[in-house]
Amino acid sequence: MFCLFPYFGREILKIEPADTYSIEELTEAYNQTRQDYIVPMPMTTNRLQEYVQAYDVDLAQSCVVLETDDSDLIIGLGMLGTRENRSWITRVGVLPYTRKLGAGGTIICELIKNSEKIKLGETWL
């Protein structure tokens, strides 16, 4: 698989596993990245933790995308669910004012790569 997002000739994004962040940080990022969706579905910390457990979200294989400047602002996140012989991409969001920089594509590519790494039979988008 090949994914390339040049970010206008300079690296402005970095990717980290979601499990390096607390559930509180992930909840805040989730709510910020999905605030302008048609159906925003805001989460509380408890609801996000329940979602992670109920839908078998693997936070080690899920990711956050950050700006590489000094702020380390989380501009996007995506979650990967895993069960039996399949995985699925769920809960992808990017901050509204940072869209069109390739963060969404970066998240999708990273989740597909992570799914391939753990050798499940199929990945649902």
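Mentor: Let's start with Glu110, which counts as buried because its relative accessibility is 15%; buried means under 20% relative accessible area, exposed means over 50%, and partly exposed lies in between (1.4 Å probe, protein chains only). This is a predicted model, in which local features need pLDDT of at least 70 and side-chain atom pairs count only at pLDDT 80 or more, while totals for chains, interfaces and linings use all residues. Residues are numbered from 1 along each chain as its sequence is written, and side-chain values use heavy atoms, with hydrogens and water left out.

The side chain of Glu110 meets that of Lys113 in a salt bridge, at 3.1 Å from N to O. The term stands for a side-chain nitrogen of Lys or Arg within 4 Å of a carboxyl oxygen of Asp or Glu. Lys113, at 44% relative accessible area, is partly exposed. Both residues belong to helix 3 (residues 103-117) and are three residues apart, about one turn of the helix. Helices (H or I, at least four residues) and strands (E, at least two) are DSSP runs, numbered from the N terminus.

The structure holds four salt bridges, and another of them brings together Arg83 and Asp56, at 2.5 Å from N to O. This pair links distant parts of the chain, 27 residues apart: Arg83 is in strand 3, and Asp56 is in the loop between helix 2 and strand 2. Arg83 is partly exposed at 28% relative accessibility, and Asp56 is partly exposed at 33%.

Now for the surroundings of Arg83. Strand 3 (residues 74-83) has nine of its ten residues buried, so it is largely enclosed by the rest of the structure. Four bridges join strand 3 to strand 2 (residues 63-67), and the two run antiparallel; strands count as paired if DSSP finds at least two bridges between them. Leu66, for instance, has Ile74 of strand 3 as its bridge partner. Strand 3 also runs antiparallel to strand 4 (residues 86-94), joined to it by seven bridges. Here Thr82 has Ser87 of strand 4 as its bridge partner.

The hairpin of strand 3 and strand 4 has two residues between the strands, and Glu84 takes a positive phi near 45° there. Glu84 is exposed, with 74% relative accessible area. Its side chain forms a salt bridge with that of Arg86, at 3.8 Å from N to O.
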